[in-house]
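Subject: Structure handover

Hello,

My notes on it follow below.

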Amino acid sequence: MKTRPISRPFIFLLWLSGFVLLFALWNAAAAFHWVGKSVVASPSEVWQQTILAFSRDATTDDKFHLHLLATVKRALIGWSLSVAVGVAFALVTGIGQFVRFVSEPALELFRAIPPVLVFPLFLVAYNQGDQAYIVTIVFGCVPIMILTISSGIARVNPTRMEMLAAFGAGPAATIKGFVLELAPSFVLGSRLCFSTALIVAIVIETVQSPPSGWGLGNLARDALTDFRTPLVYVCFLAAGLVGFIVNMFLSLIENRLRGKLA
Amino acid sequence: MAPLLSVRGLQAEFANPRKLVFQGVSFDVAAGEVLGILGPNGSGKSTLIRVLAGLMKPSSGLATVQGTNIGRVGLVPQNFQESFFPSCSLITNLAIANGLTRKETKSRAEKALSTLRLSLSLDVRPGSCSGGMLQQAAIIRALCSSSSLILADEPFSALDASAVLSVRYGIRSIVRNEGKVLLIVLHSLEDAVSICDRVLVVPPAPYCIVPTPGCSQADFIENERARNDPELEFVPSFSELAKVVLMEGPSL
């Protein structure tokens, strides 16, 4: 089938229309009570709640930015550790065939275990401290990072690496070539990893409130218990927005990395 | 004069399944000389290039450049399209492979492009280039190398007729003027006659080196016509055909 090329402004218009359509559907669902009022909050209610959540005279429960920052901090720490551990482990398993075969079954097994299931164990191990949250996030993210980087290593183009070897390229050029080959898998793994880190952080916060009491997950859970549906929606939107911003940031790093290497 | 490239008793075999590719290959090539490698499909021409490029270990034998083991080479690979990093421009690809700065690479590349009479923009990424343009870039990359040994595996396969003519002339001139050695795998006997000083014919065995200078273009065309004439019984094997076309020479 022939596809006509679409201009950039038209693509932007299509994206915008998608948002408008979603907004219209959301408005209609709230206005005509398609679903129960405790399930769907109207956009205007959510907007008012957002202003209230970020206002200076908000009550302790509604200090939304502290909840948000606590969750983002947990996700970021867990994500950074996962990336570091994942890359190091993937390089060892990707380059050394023997280690790969030994670790593969265990890795596949761990990948299938939902982090929320092992969270209670970590809570006990770390005496319900904040470390339990970080370790659970790492548990959920490391296999993703290892698998994406390992598959990136497996897909490194042998012709290009052979080319460097034949031309007698030094270690710096060889590493540069290797990084160029791995950059897409690294960025893909990092993006998937951050989404997972944020999801795991919020889910485990809903299971057990962190010792500090700050966290987007427990805020959303408490809000739902109190039928404060608009606040739950603010939590949804905030989580989505954080994921979106981090994704954009990682894309920027990817482009800068490629630009620097090029 | 001492040869620049010396190959003695080279043997290569694939490990799994075990298969002997070639054995007892020996030849010398002097500086400024172009040695063609001709042979039917599967005769081990590309494997010989890979062994000389250090990409495959020979099971026995030795190849040296000026008495020392071969280090870096300028290589035009058979699968040249895959040999470029897609996220970098062609000039960056050339710089990475040769371990040079962009400025130095640009100066060397412009000189080579002018000798080969090619007008190729090196500031574009491989994705926006045709197969022919990428093959030209692969040739320029090899010519930018500081190595005195250039290995080219079917370097004209994607070039148009006019580019083949200018590249043949240009490469030969660079190899002669800079005292390099060019080993070139070819399928076209016409290319072999035009560019090579001698040709290594790689049939299953024995290997023979055929000198080309005595062979004129007219001889080549005459032999081609004879080969294609249905009234004449002229169905030689590849090595026989090569020897007839290139003029029979001493076998090694």
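**Chain A: contacts and overall make-up**

Among the contacts in chain A that join residues at least 6 apart in sequence, 71% are between residues at least 24 apart. Please bear in mind that this is a predicted model. The mean pLDDT of chain A is 85, with 92% of its residues at 70 or more. Within chain A, helix α4 (residues 97–112) has the lowest confidence, a mean of 81, while α5(A) has the highest, at 92.

Chain A contains 10 helices and 0 strands, so its order of elements from the N terminus is simply α-α-α-α-α-α-α-α-α-α. Its C-alpha trace spans about 70 × 60 × 35 Å along the principal axes. Of the 262 residues in chain A, 34% are buried.

**The α5/α6 pair in chain A**

One helix pair in chain A can be described in some detail. Helix α5 (residues 115–125) and helix α6 (residues 130–154) of chain A have axes that come within 9 Å and cross at roughly 145°. The crossing of α5(A) past α6(A) is right-handed. On the α5(A) side, the residues that take part are A:P115, A:V118, A:F119, A:F122, A:L123 and A:A125; on the α6(A) side they are A:A132, A:V135, A:T136, A:F139 and A:G140. Sorted by class, this contact has 9 nonpolar and 2 polar residues, and no charged ones.

**Single residues in chain A**

Helix α6 of chain A also holds A:I149. Is A:I149 buried or exposed? A:I149 counts as buried because it has 25 C-beta neighbours inside 10 Å, and the cut-off for buried is 20 or more. A:I149 and A:L237 are 88 residues apart along the chain, and their C-alpha atoms are separated by 30 Å.

Two residues of chain A are listed for their backbone angles. Most residues other than glycine have a negative phi. A:H33, however, has a phi near 50°, which is positive in a residue other than glycine. A:H33 sits in the loop between α1 (8–31) and α2 (43–54) of chain A. With 10 C-beta neighbours inside 10 Å, A:H33 counts as exposed, the cut-off for exposed being 12 or fewer.

The other is A:F227, with a phi near 60°, again a positive value in a residue other than glycine. A:F227 is placed in the loop between α9 (216–225) and α10 (229–261) of chain A. A:F227 counts as exposed because it has 10 C-beta neighbours inside 10 Å.

**Chain B: make-up and sheet**

The secondary structure of chain B consists of 8 helices and 10 strands. Chain B has 252 residues, of which 46% count as buried. Of the contacts in chain B with a separation of 6 or more, 71% are between residues 24 or more positions apart.

Chain B has an open sheet of 4 strands in the order β2-β1-β4-β5, with antiparallel pairing. Strands β2 and β5 (68–69) of chain B stand at the edges with a single partner strand each, so each has one side without a neighbour in the sheet. Helix α1 (residues 45–52) of chain B packs on this sheet and touches β1, β2 and β4 of chain B. The direction of that helix makes about 65° with that of β2(B).

Taking the strand pairs in turn, β1 (residues 5–14) and β2 (residues 19–29) of chain B are antiparallel and share 7 bridges. They form a hairpin with 4 residues between them. B:L5 has B:V29 in β2(B) as its bridge partner. Strand β4 (residues 60–65) of chain B runs antiparallel to β5(B), and 2 bridges join the two. In that pair, B:T64 stands opposite B:N69 in β5(B).

**Where the two chains meet**

How many residues of each chain are in contact with the other? There are 18 in chain A and 21 in chain B. On the side of chain A that touches chain B, α7 (158–166) and α8 (171–207) of chain A each supply at least two residues. The most comes from α7(A), which gives 7 residues. By class, the residues on this side of chain A are 9 nonpolar, 5 polar and 4 charged.

Regards

Definitions and conventions
Residues numbered from 1 in each chain as written. Chains lettered and ligands numbered in written order. Predicted model: local features only at pLDDT ≥ 70, side-chain atom pairs only at ≥ 80, totals over all residues. Pairing = 2+ DSSP bridges. Contact = placed C-beta atoms within 7 Å. Axes fitted to C-alpha atoms, helices over the stretch in contact; angles between N-to-C directions. Nonpolar A, V, L, I, M, F, W, Y, C, P; charged D, E, K, R; others polar. Left-handed = near helix turned anticlockwise from the far one by under 90°. pLDDT = per-residue confidence, 0-100.
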